[in-house]
Amino acid sequence: MNFYLCLASLCLGIAAAAPQFDRTLDAKWEQWKSQHGRIYGGNEEDNWRRATWEKNLRMIEMHNLEYSAGKCSFRMKMNKFGDMTNEEFRQVMNDFRHDRFQGKTKGNLFHERLFEQIPESLDWRDKGYVTFVKDQGACASSWAFSATGSLEGQWFRKTGKLVSLSEQNLMDCYWNEINQGCLGGLMDEAFEYVKENGGIDTEESYPYCGVDSACRFKPETAIANVTGYVNIPSGKESALLEAVVTVGPISVAVDAGHESFQFYESGIYYEPLCNSQQPNHAMLVVGYDTDDDTEEKYWIVKNSWGFEWGDYGYISMARDKNNHCGIATLASYPEV
């Protein structure tokens, strides 16, 4: 599906003369377009997208050479965002506007108990708490996917049943000055809606379509009642760690607006330009571990950009690196 051609207007004004392309990449370019269903509106746009794709490909290759030389801790790869500039990518995929949410939450505060016995590693996927990797498409709905992910884990913890919950239900049925469907939202507000609503529909009964639409909530198919929600002290990775250990998967928001994140493939993600105070994308921490070779600690984080992105939809983010990318800035979970 061609999610990104809504940005084609940005190409207007490009010189009519075709850029000088690397003709050895012709077949690879055509293969990429076919794989991702890209059909452009004429030669001018095709040339612009090809030039952007080649620039991204060269950047990825240069980064991976540095990775092979031991100069960085993660690899990058070409993916479905390949014909987008980083500016376009941020406009479409990073619309979690943290400034809208300052002081708005009504949740309880998580209190650390300073447990002495913290496991060296933990992955809630192995314990049945985590559903399949989903894809938000070209809708800034990461907040909804993060919220359902945390709620799915807590509902499994309570009932022993893993049920995929409806992001579309959250998007369509709870609009206010904070939660605005494909224009962004907050996980705590999603938990508040489920609490007030008496539950949330399942994914099966209310499937995701990636655009804002009229509310179609069905009380008869609602499950996963929420009694409240808890916020992790902002910026405290030690508290986030304890919450992951004692509670399960936790909703988080991070600064995901960099080219390195756009094309992340594998390894421990560390981006020197990350801003820990300006998260722009919501995700789900499902565990943590330490690299056997480098002894670098990392969070295991589930994204909502499909299986093709990252490490089969996941990213390993640097842990105990001064709240890197804001991983603990807006962390929370629901109570059921």
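## A right-handed link

The link of Cys274 and Cys325 is right-handed, with 85° about the S-S bond. Cys274 sits in the loop between strand 8 (264-269) and strand 9 (281-290), and Cys325 in the loop between strand 11 (314-318) and strand 12 (332-335), so the pair links distant parts of the chain, 51 residues apart. Strands here are DSSP runs (E, at least two residues) and helices are runs of H or I of at least four residues, numbered from the N terminus.

Their sulfurs are 1.9 Å apart, and a disulfide is a pair of cysteine sulfur atoms within 2.5 Å. Cys274 counts as buried at 16% relative accessibility, and Cys325 counts as buried at 1%. Buried means under 20% relative accessible area, exposed over 50%, and partly exposed in between (1.4 Å probe, protein chains only).

## About the model

This is a predicted model, in which local features need pLDDT of at least 70 and side-chain atom pairs count only at pLDDT 80 or more, while totals for chains, interfaces and linings use all residues. Residues are numbered from 1 along each chain as its sequence is written, and side-chain values use heavy atoms, leaving out hydrogens and water.

## The other disulfides

The whole structure holds three disulfides. Cys139 and Cys182 form a left-handed one, because the torsion about their S-S bond is about -105°. Cys173 and Cys215 form a right-handed link, with 95° about the S-S bond.

Cys209 is partly exposed, at 43%.
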